[in-house]
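Please examine the sequence and the structure below before reading on.

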Amino acid sequence: MRSPLAPGVRFCSSFSRDSWYRSFTLFLTFLSYTAYHLSRKPIMIIPLVNCSMVIRPADLNTTDNETWCDWAPFDQDNYKTLYGMLDNSFLVAYAIGMFFSGIFGERLPLRYYLSCGMLLSGLFTSLFGLGYYWNIHSIWYYAFIQAMNGLVQTTGWPSVVTCVGNWFGKGKRGFIMGVWNSHTSVGNILGSLIAGAFVSTAWGLSFIVPGLIITFTGVLCFFFLVESQFDQSSFSLCRKAQPSRKSPTHYIEACCMPYFEKGVVEFSLCLLFAKLVSYTFLYWLPLYISNVAHFDAKAAGDMSTLFDVGGILGGIAAGVVSDYSGGRATTCCAMLLLAAPMLFLYNYVGQTSIATTVVMLLVCGGLVNGPYALITTAVSADLGTHESLQGNSRALSTVTAIIDGTGSIGAAIGPLLAGLISPTGWNNVFYMLISADVLACLFLSRLMYKEVG
């Protein structure tokens, strides 16, 4: 007597080939962008290093117990300015490159484009860490590496959003992409933990290990990524939308009006200020916790990951609510309005106890990163596959790059402003963040009125 088909085999065979491709694409793009964010995080942890946290070698012949482990040129009083220069080298290059990345992503095979970007990102991340072993002390070396890393990392977001948008329709896109978008926070958390593990011994490994991880993930993408179930022919947005033998005015309207009519501009400007708030927290939260709560570098870095945990929950909640209500802009506005008073409260009572710190970081992370996550995922996918773009699925890469590129300007400005304002007091930094949060909400007022009405 023959035995029945094994339960596991029956379960696997119950799914179609498209279902398996869809699931694996979701998993692989999740893994890919986790690696992207994981490789960005070390530079945010390293500035917390000082000699009080490092075990001094017994055979070290020096009487200076305070500066023996400092790394030139970051051993002077202007070290915060130098670290700010590195941050902005990455962020400015990323913001500029993003506007071009969508154009390339629209015309090149996404599997090649994404894999190549990840391999190059792994190279530049590792080169930064190798500066420790090669004994490099030039600020221009580290600034150049950061700028190049910022450029090559622009390959990631348009590619992964386009892949997911190609496989998933609008039905539950908010929920699916809300869960999927947790890769950002997972990458930040893992990056903090990996960087923190080496920060007090050999900081070069804080970069080399993430560099190797993103390189390996890029190899996986090259061999296994299935970018779309649809036709992969590369037509640009404007070429597809261009009517034959029409006037130049008609051409411009057909190519550009969908962006204005459907809210691409408003969501882009909203994301500029929302990302300003998010990235200021991303770069400055460990230092804020260290200074205000007097935690050491590793504890401050670990505590800051709670903000990202809250971001995971906030992104999922935003996706579910927007799917159910059908109001993407309204969901973003509601969360942004709640975020403003929560930021104020966190600054004044957030460090009174460990329990309060944990709760406030989770709440603020959810409210700050929820709208940011929704705009960069479900909203970008909705707008990039809108019927007004005349069925061109590859336009999704361009729309995603426009929205995230505009947001990246805010990501570059926020940490810079925080660096300039922080000497006047952390209260002023939080007032700046609250003002940006309110402005982000105001840019969506027209779309929210349209949804509610």
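## Terms and basis

Helices (H or I, at least four residues) and strands (E, at least two) are DSSP runs, numbered from the N terminus. The model is predicted: local features need pLDDT of at least 70 and side-chain atom pairs count only at pLDDT 80 or more, while totals for chains, interfaces and linings use all residues. Residues are numbered from 1 along each chain as its sequence is written, and side-chain values use heavy atoms, with hydrogens and water left out.

## A buried histidine

H183 belongs to helix α9, which covers residues 183–198. Is H183 buried or exposed? Its relative accessibility is 0%, so H183 counts as buried (buried means under 20% relative accessible area, exposed over 50%, and partly exposed in between, with a 1.4 Å probe and protein chains only). Leaving aside residues up to four places away in sequence, H183 touches F30, Y33, T34 and W157; contact here means heavy atoms within 4.5 Å.

## Aromatic pairs

A search of the whole structure finds 27 aromatic pairs. Rings of Phe, Tyr and Trp (its six-membered ring) pair if their centres lie within 6.5 Å; planes under 30 degrees apart count as stacked, over 60 as edge-to-face and the rest as tilted. The rings of F90 and Y94 are stacked, because their centres are 6.0 Å apart and their planes lie at 10°. These two residues are four apart in helix α4, and therefore about one helical turn separates F90 and Y94. Both F90 and Y94 are buried.

By contrast, the pair Y132 and Y133 is edge-to-face, since the ring centres are 5.0 Å apart and the planes stand at 90°. Y132 is partly exposed at 24% relative accessibility, and Y133 is partly exposed at 42%. Ring pairs also link F128, Y132, Y133, Y141, Y142, W203 and F207 into a cluster.

## A charge over a ring

Which ring lies under the charged end of R111? It is the ring of F222, with the charged end of R111 placed 5.0 Å from the ring centre. A charge sits over a ring if NZ of Lys or CZ of Arg is within 6 Å of the ring centre and within 35 degrees of the ring normal.

Most residues other than glycine have a negative phi. N135 is not a glycine, yet N135 has a positive phi of about 60°. N135 lies in the loop between α5 (110–133) and α6 (139–152).
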